[in-house]
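Please open the model in your viewer and keep the selection panel at hand. The stops below go from one selection to the next, with a note on what is found at each.

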Amino acid sequence: MKKLIQKFNGPNQSGVVGFFEDEDKLLEAAKKTYEGGHRHFDTISPFPIHGMDDAMGLKRSILPWFTFVGGAVGCAFALWFQWWTSAVDYPLNIGGKPLFSLPAFVPVIFEVTVLLAGLCSFAGVLVLCKLPRINPPILDPDLTSHKFALYIPSSESGYTEEKAKSFLSGIGASDIRSFSEF
Amino acid sequence: MMKRNILVEGNKDYKQISEEICSPTEVPPGKGWVAYFIPANLLLVFYFCVLGAIIGIGMGLMGVNHPVGWGTDIVTFVFWVGIGHAGTLISAILFLFRQKWRTGINRTAEAMTIFAVMCAGIFPLVHTGRPWFAYWLLPYPNQRGPLWVNFRSPLEWDVFAVSTYLTISFVFWYMGMVPDIATLRDRAKNSIRKLIYGPLSLGWRGTNRHWQHYESAYLMLAGLSTPLVLSVHSIVSFDFAVANLPGWHTTIFPPYFVAGAVFSGFAMVVTLMCLIRIGYPQMKDYVTINHLETMNKVIMTTGMMVGYAYASEFFIAWYSGVEYETFTFINRAFGPYWWAYWIMVSCNVIFPQLFWFKAIRRSLPAMFVITIFVNIGMWFERYVITVTSLHADFLPSNWGIFTLTFYDFGVLVGSFGMFFTLFLLFLRVLPMVAMSEIKPMIHVGRKDGH
């Protein structure tokens, strides 16, 4: 069972984590970590922090493409489906209107566009964040409540535990510890 | 310089916020909650009985007949869908407009939206008379041709609009809640809570690489919900406006219905917030009088828009010179349903004018009473539109009077049982304030603030 969950969740990583007092200090620390040449580190906070993406050197999320593709597929499908059912598969004269009555098809096209765009946006979050995960290891239960942390994973180039620990203490982290899985 | 109002009172820190928002789900319910929950549940049981009778025995139990074929079911459907609109307006439109005060109320308002739309969805199904064939509303391959649904019909547009609205509102609500459910999971002391909140949180851990995509998706959903919410009540209004009946066949209907929906929805939010502030005293710091005052201003504004629509309809009825149109409007105000019309006008146009006075805008008892009146008025607005136009159309030989039966009242009152049962369960098991959204706002208006 445990192996199955492990397989579902994907590989864990080890590394070193340090804690910061508030979001401003964490933002400052992230900037310094990025400037220090780290590229795989991440911050953990109970809420999104304004400016953190820039501080970590992250590019814009590609998520809007999920929305766009979902919307485009929904729009095209709804248009095709209404044309096919009304004008091709079972043509019926209703109130003398044309079989392909485009203006009357607009509301359903709109609704299906929004529906698929919205569902794809949510699916995009799951895909890009590799969620859901079953009971993944956490570094501290208070990180979703009031604590702020920054971790450097072992995948960072030139990583040694000692170096990462001394770097974190150099940028003002407290309660620095190493973890074996996250 | 203009000073910002404090959004979260009580000089709280992040830990205290988690503590106060999570605690209602972690401790046994108080007497107040039970005192609401038992009557709500009884009302729900009553609702099931009434619905069972109507579905089992037949539509004849309700007042609809010739010529008034649309009665309480349609009126109450429009009423509940309209209520839902405030939640999306608060969560999506105010988000796009960067109105930070929305963070105190958006979660509850979105929950209200979903439960209101769920309540609404039942009525058209009951109204069909044979709800066990409800799936006929969907375009699915069948052995009758296949005979597809008529995509030119506003009633079919409604099927798509309402189901899309419910789905997208739910996704928006749930996605906004994932980080907060993770908070509940990490605070969980026993394994049952871990088992419930663990899967619901999807394994969220709050890393910035995740927040980045999450925030982007949230913005996308807000952008999608904004035109969606405007489309839903527009399409509901097409149910009426596309028909040729005097009093229905007007181009003002879509904006008029949307304004009315926001009006009634905000009134419902204020009513619920007054009750929440009584039941959960810690919520007074999150839903402050300033929040309520702002909402009351919106209620007054949309109330005047609705009043303008009433006046405009009358003017156009006269200005068009169409005798049927003129008759319908004079008949609305002075005919057999004059009482419904004047309940509508006084509740929707006159009473909200009291909000011009700051003392009334900021008085809880006053706003509680006025917002309930608003919702009574808005139910009667839909009653007036539906019934008065149908009961006297073009041919006097086709005229008749619609009377409400016990079952009409039963479904109306009973649907509140369903709504309040769901809403109270929500308060009990899910965080009622969006913690991950309100935490960044605690500095707003404070001396140490930005």
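**A tour by selection**

Begin in chain B of this predicted model by selecting Phe266(B) and Val269(B), the residues with the most contacts inside the largest nonpolar core, which has 150 residues. For a second, separate core, of 24 residues, turn to chain A and select Phe41(A), Ile44(A), Tyr151(A) and Ala173(A), which are among its members.

Return to chain B and display helix H8 (residues 253-279) together with helix H9 (residues 289-320), whose axes lie 9 Å apart and which pack at an angle of about 150°. Because the cut-off for roughly antiparallel is an angle over 145 degrees, H8(B) and H9(B) count as roughly antiparallel to each other, and their crossing is left-handed. Where they meet, H8(B) contributes residues including Tyr256(B), Phe263(B), Phe266(B) and Met273(B), while those from H9(B) include Leu292(B), Met295(B), Val306(B) and Ala309(B).

Next, colour chain A by domain, with residues 14-59 + 144-179 as domain 1 and 63-128 as domain 2; the centres of these two domains of chain A, taken over C-alpha atoms, are separated by 45 Å.

Finally, show both chains and select the contacts between them, where 53 residues of chain A are in contact with 51 residues of chain B. On the chain A side, strand E2 (42-44), helix H3 (52-55), helix H4 (63-89) and helix H5 (102-128) each supply at least two residues, and H5(A) gives the most, with 17 residues.

Key
Residues numbered from 1 in each chain as written. Chains lettered and ligands numbered in written order. Predicted model: local features only at pLDDT ≥ 70, side-chain atom pairs only at ≥ 80, totals over all residues. Core = buried A, V, L, I, M, F, W, Y, C linked by C-beta atoms within 7 Å. Buried ≥ 20, exposed ≤ 12 C-beta atoms within 10 Å, placed from the backbone. Domains from an automatic or database assignment. Axes fitted to C-alpha atoms, helices over the stretch in contact; angles between N-to-C directions. Helix = DSSP H or I, 4+ residues; strand = E, 2+ residues; numbered from the N terminus. Parallel < 35°, antiparallel > 145°, perpendicular 65-115°, else oblique. Left-handed = near helix turned anticlockwise from the far one by under 90°. Contact = placed C-beta atoms within 7 Å.
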